[in-house]
Amino acid sequence: MAKQNRNSNLHQQTFHGTCVDISFEGKGVVKSGDDVYFVSGVFPGEEGEFAFDYARGKAEFGRTIKLDKISPERVEPRCKICSSCGGCSFQQLSYEAQLRHKSAVVKEQFRKIAKMDVEVQPTIGMENPYFYRNKIQMPFGLDKKGNPYCGFYKEGTHVIVPIEKCYIEDERAEHILSTIKKLLKSFRIPPYIEDERYGVLRHALIRTSYYKKEIMLVLVTAVDSFPGRNNFVKALVKECPDITTVVQNINTRATNVILGDKEHVLYGKGFIEDSLCGVNFQISAKSFYQTNPVTTEKLYTYAMESGMLQKNEIAFDAYSGIGTIGLIASKYVKEVISVEIVPAAVRDGIKNAKRNGISNFKMYCDDASAFMVNMAKNKQHVDVLFMDPPRKGSDERFLNSVLKLRPSKIVYVSCDPSTLARDIAYINQTYKLEKVQPFDMFPHTTHVETVAMLSLRDSKK
Ligand code: SAH
C-alpha cells in the first residue's frame with residue numbers, strides 16, 4: 001500500500017514494489033499490487049522502496065528510495081552521474097545484460113506491433129563499449145562564481161548537468177572542452193544564457209575522425225562576431241594541437257536546434273575526413289554521419305553481406321545521408337541509385353563519390369517516398385533495396401512502391417524497432433523476413449540499431 005507524505009508542499013507517496021521488466025524507453029517497470037510505475041535505473045528482479053510525486057504531475061514515473069533486493073546484473077557504473085544525466089540509462093547494467101535486453105526489445109516489438117514471432121539474433125556488441133562516440137555536443141553555462149561549464153541537458157529539461165568526463169565520448173574531447181572552459185574565462189567570452197538571451201557561446205560540437213585522427217571543433221555562437229575571437233581560436237589550437245579545423249556556426253534563434261545556417265571557417269579546411277569499409281568520406285559540421293565508427297563498420301559489412309550483391313545488379317539506397325551505404329555497395333554492383341532529402345548531405349554524397357573515383361553511383365535530392373512512386377511509375381528495375389529511414393520509419397507510399405518495384409532483396413537498417421516491425425508487417429505477405437540482426441550502436445543507452453534482411457517470396461509473380 002502506498003503511504004502519503006504531506007510534510008512538504010510536494011504531494012509524495014512511497015510504496016514497496018518489484019521490478020518485473022524494462023520498458024521500451026529503458027525504465028524499470030515496477031509493480032506494486034495492481035499498480036505499475038516506471039522508474040529509471042531499476043532492473044528486473046530488484047525490490048525496494050520507491051516514491052512518486054504528484055506535484056510533478058507525472059504520478060506514473062517513480063524514483064528509488066532504497067533497494068532491498070539487488071539484481072545480479074547490476075554493476076558499478078564508471079560514470080557517477082549516469083543516472084542524473086539521462087544519457088546512459090544502462091551503465092548500471094552489465095554489458096551482457098544490455099545486449100540480451102536489446103535483442104529481447106526487438107523481438108517484443110515484432111510480437112506486439114507486427115504480431116510476428118521472429119527469431120532475433122544476439123545483439124552484436126563492442127569489445128570495448130566505452131569512448132565510442134565520434135560526435136560530442138555540449139551546451140555551455142555559467143556557474144554562480146562566474147566559471148563557465150558544459151554538460152548535458154538533464155532528461156526532458158533545459159537544465160545543464162555539468163560534466164567533466166563522459167565515458168562514451170571520444171576521449172580526446174575532454175581536454176578540448178576543459179581548454180575551452182579555461183579560455184572562455186581568460187578571454188572574457190561569456191557562455192550564452194538561454195533565459196536571459198545574453199552571451200556568446202551556446203554549444204561546442206566536436207567531431208572526430210576514427211581513421212585519420214582529425215578533429216573538427218564547431219563553436220556555436222549566438223552572435224556573428226565577438227571580441228577576441230581570433231586570439232581565442234589561436235590559443236585553443238595551440239593548447240589542443242589535435243584540432244585540425246575550427247568552424248564557427250551562428251545560431252541567433254531561440255530554438256532547440258543546435259546549429260544555425262551561417263558558418264565561418266576559423267581555422268583549417270572546414271571539414272574532416274574519415275573512412276568506412278575502405279571508402280573515404282568528407283564530413284562537414286552538419287553532415288549526418290553515424291556516431292559509432294566501430295559498430296558502423298560491422299553493421300555496414302553485415303548489410304553488404306545480407307544484400308548478397310552481384311556484379312550485374314542495381315542497388316537502391318533510400319534515406320542515404322551522405323551516401324555511405326550506396327558508396328560502399330557500389331564496388332559490388334553494376335549501379336547504385338541513392339535518394340536523400342537534405343540537400344547538403346546530397347552535395348556531400350556526390351563529392352564523396354568523386355573523391356573516391358566512384359562512377360556507377362547516382363544521388364538524388366528528393367523525398368524518398370515521392371522518388372519511389374516515380375521509380376515504380378517508370379518501372380525502374382531494382383535488384384536490392386537498402387533502406388535506412390529515420391526513427392519514424394518509412395510510409396505507405398514508399399512501401400506500396402516497393403511492392404510494385406519488387407526488388408528481390410531488401411536490407412532494412414533501422415534505428416527504431418517499433419517502426420521496423422510496423423513496416424515489415426506491411427510488406428510481410430510479399431516479403432519473407434529472413435534474418436533480424438541487432439547491433440549495439442549506442443552502448444549503455446536504450447537505443448538499438450537493427451538490420452533486417454528480406455527476400456521476395458515469389459519472384460515469378
Ligand atoms: N544511411 C545513412 C543515413 C541514415 S539516417 C547512414 O547510414 O549514414 C536517415 C536519413 O534519412 C537522414 O540522412 C535523413 O536526412 C534522411 N531522410 C529523412 N526523411 C527523409 C525522406 N522523407 N526522404 C529521404 N530522406 C529522408
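Helices (H or I, at least four residues) and strands (E, at least two) are DSSP runs, numbered from the N terminus. The model is predicted, so that local features need pLDDT of at least 70 and side-chain atom pairs pLDDT 80 or more, while totals for chains, interfaces and linings use all residues. Residues are numbered from 1 along each chain, and side-chain values use heavy atoms, without hydrogens and water.

Q: Which element gives the most to the lining of the second largest pocket?
A: On a 1 Å grid over the protein atoms alone, a pocket is an open set of points where a 1.4 Å probe fits, with protein on both sides within 12 Å along at least five of seven lines, and lining residues have an atom within 4 Å of a point. Strand E2 (12–22) and helix H2 (95–114) each supply at least two residues of this lining. With 8 residues, the element that gives the most is H2.

Q: Which residues lie nearest the centre of the second largest pocket?
A: The lining divides into 10 nonpolar, 4 polar and 5 charged residues. Of the 19 lining residues, those nearest the centre are Asp21, Ile22, Ser23, His101 and Val105.

Q: How far from an oxygen atom of the ligand does a polar side-chain atom of glutamate 340 lie?
A: Glutamate 340 is among the closest of the 16 residues that surround the ligand (a heavy atom within 4 Å). In the side chains of glutamine 290 and threonine 324, an N or O atom is 3.1 Å from an oxygen atom of the ligand. For glutamate 340, the distance is 2.7 Å.

Methods: A polar contact is a pair of N or O atoms within 3.5 Å; within protein, one must be able to donate a hydrogen and the other to accept it, and residues adjacent in sequence count only if both atoms are side-chain atoms. Ala, Val, Leu, Ile, Met, Phe, Trp, Tyr, Cys and Pro count as nonpolar, Asp, Glu, Lys and Arg as charged, and the others, Gly among them, as polar.
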